[in-house]
Amino acid sequence: MAAFTALDWGIVALYVAALAAAGWLSTRRQATTSDYFLAGHRVPIWLVAISVLSTNQSAATFLGVPDYGYRGDYTYLTSFLGYVVAAVIVAHVLMPRFYAAGVTTVYELLRHRYDATAMRAAGAMYLVGRIFASGARLYLAAIAVAMVMFGGIAPGEIFIAAAALVVFGLVFTLAGGLRSIIWSDLVQVMLYVGAALTVLYFLWTKIPAPAGDILAGLATTPDGDNKLRLVDLSLDFGASFSLAAILTGVMLLNLGNSGLDQDTTQRLLACRDSKEGSRALYGSVLASIPVVALFLAIGSLLYVFYDRPDLMGAGAAASGSSFQGEKITVFMHFILTEIPPGLRGFVAVGILAAAAVNSGLISMSAVLIQDFYRPWRERSGALPEAHYVRAGQAGSVLLGGVLLAMAMLCFYWQRYTDTPLLEFALGVMTFAYSGLLGVYFTAVFTKRGSSRSVIAALAAGFVAIALQQSYVVDTLGLPAAMKALAFPWQLCVATLVAALVCMVGKQAAREGR
């Protein structure tokens, strides 16, 4: 594996400097928590759409989607049908409620529907779930950075890479709040999409076969598979991206991500009103489709490059089996062994751009301060807004340490299950979303529920997901069928459980106040 040259490291240093300049130029004095957490509701629609795109793609796209294309087909691209349905529901049902209530975090809506206890319970579940999800993304990002820094992915190397990414993210979170992060998201999207286009072109030039032969070879593999398949019409409950799974569980996952996850909704709430927030959400959905298609195409060509000597001819590369089961590193292996110096540094910049964790830190800090610390602290009297801005910065540092610990847990978790990176990252998100979806379904569409049933529903959703995990099933000796469902179906089951538990509660007396 080729080592990074001085030219490569110089390009990386230029990226860090450019990102720092973008953040500094976009930063204003953060006088209030509205400035720090919501950028004063003054962010243009197009910029919010790009920031949401950056938040949703991350390292899960940069590593996970090529991995999925390398192992499988294009059915993940069809998952945007579920994304569109979810976006419509968020835009017409949730977004108007959030803006009408003037919330900073989406969980404040439950304070109006039930009480402050329900709000804090939902905020706590978000924090737990976001630690899980952001920790998984940090782990994926650390894989790429560890391979750049050390050429391997041993536990110690993953820890150092993840720690470096946390420190890097904290710098931009502490510097200028959400405004700084949104502008850095623009730089990051441009860089990692540019890096992906560069890799795709370079990979294409390394394959001697004509385009027609490549497409034919992908349509019919030696094993009889079609790696260009776009729609899976089967009713296989172990398939994550069948059409049935996409229109149910994947739709629910995107509904939770777009409407109930502060990491995404914080950006949508930075617009002037609900209509602008909805337009930004639709824009991010449309922009995501070509980005995901790009990374899937990289995965397909990696399959040709490494596993189809009949198409590579004399230029055939070592087969995928030489990675000793570490299929997750095949994309990074290509970057570090086949891309020339200079160009390799530019691609590494794209990896760092996709690996940013600052968005998760600022959203978790917003919930921690606004839903927990501020109500507790104001019992002793009012304090200036600057105090809560500093508290948000301190909260980001604390949460950074927690994310680092979670990333290391994900290292061992993913290896135990041997789950593909993309499905692993998406599946981890279901721990928080199941309970939140059940609670918000009850709160918005029924007159049922109470503060106590909200808490019980959030716990029930989390436990329902946990009981379907391979390690828990194996450890407790539960029936093997409990771990056979793909993550979208697991989410459907757990959301139904949470909704039923929440509806047990009596009608909230505070409704309408």
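1. In which hand does α16 pass α17, right-handed or left-handed? The crossing of α16 over α17 is right-handed; a crossing counts as right-handed if the near helix is turned clockwise from the far one by less than a right angle, and as left-handed if anticlockwise. The model is a predicted one, in which local features need pLDDT of at least 70 and side-chain atom pairs count only at pLDDT 80 or more, while totals for chains, interfaces and linings use all residues. Residues are numbered from 1 along each chain as its sequence is written, and side-chain values use heavy atoms, with hydrogens and water left out.

2. Overall content. The protein chain has 20 helices and 0 strands; helices (H or I, at least four residues) and strands (E, at least two) are DSSP runs, numbered from the N terminus. Of the 513 residues in the protein chain, 59% are buried. Buried stands for under 20% relative accessible area, exposed for over 50%, and partly exposed for what lies in between (1.4 Å probe, protein chains only). Contact stands for heavy atoms within 4.5 Å. Among contacts between residues at least 6 apart in sequence, 82% join residues at least 24 apart.

3. The α16/α17 packing. Helix α16 covers residues 385–417 and helix α17 residues 421–445; they pack at an angle of about 115 degrees, and their axes are 11 Å apart. Axes here are lines fitted to C-alpha atoms, for helices over the stretch in contact, and angles run from 0 to 180 degrees between N-to-C directions. On the α16 side the contact is made by C410, W413 and Q414, and on the α17 side by L421, F424, V428 and F431. By class, this contact has 6 nonpolar residues, 1 polar residue and no charged ones. The classes are: nonpolar for Ala, Val, Leu, Ile, Met, Phe, Trp, Tyr, Cys and Pro; charged for Asp, Glu, Lys and Arg; polar for the others, Gly among them.

4. Aromatic pairs. Rings of Phe, Tyr and Trp (its six-membered ring) pair if their centres lie within 6.5 Å; planes under 30 degrees apart are stacked, over 60 edge-to-face, and the rest tilted. The count under this rule is 21 aromatic pairs. In the pair of Y68 and F241, the ring centres are 5.4 Å apart and the planes stand at 90 degrees, so this pair is edge-to-face. Y68 belongs to helix α3 (residues 45–71) and F241 to the loop between α8 (211–219) and α9 (243–259), so the pair ties together parts 173 residues apart in sequence. Both Y68 and F241 are buried.

5. A further partner of F241. F241 and F487 also form an edge-to-face pair, at 6.0 Å centre to centre and with 75 degrees between the planes. This pair links distant parts of the chain, 246 residues apart, with F487 in helix α20 (residues 487–503). The relative accessibility of F241 is 3%, so F241 counts as buried. F487 is buried as well, at a relative accessible area of 7%.

6. Elsewhere, K227 lies over the face of Y303, 4.6 Å from the ring centre. A charge sits over a ring if NZ of Lys or CZ of Arg is within 6 Å of the ring centre and within 35 degrees of the ring normal.

7. Two loop residues. P222 sits in the loop between α8 and α9 and is exposed, with a relative accessible area of 64%. Leaving aside neighbours within four places in sequence, P222 is in contact with Y303 and R308. The C-alpha atoms of P222 and R308 are 8.9 Å apart, at a spacing of 86 residues along the chain. E108 sits in the loop between α4 (80–101) and α5 (109–113) and is buried, at 11% relative accessible area.

8. Two helix residues. I351, in helix α14 (residues 343–354), is buried at 3% relative accessible area. Not counting residues up to four places away in sequence, I351 touches F62, A144, M332 and I335. G435 is in helix α17 and counts as buried at 0% relative accessibility. Leaving aside neighbours within four places in sequence, G435 is in contact with A457, L458, G461 and A498.
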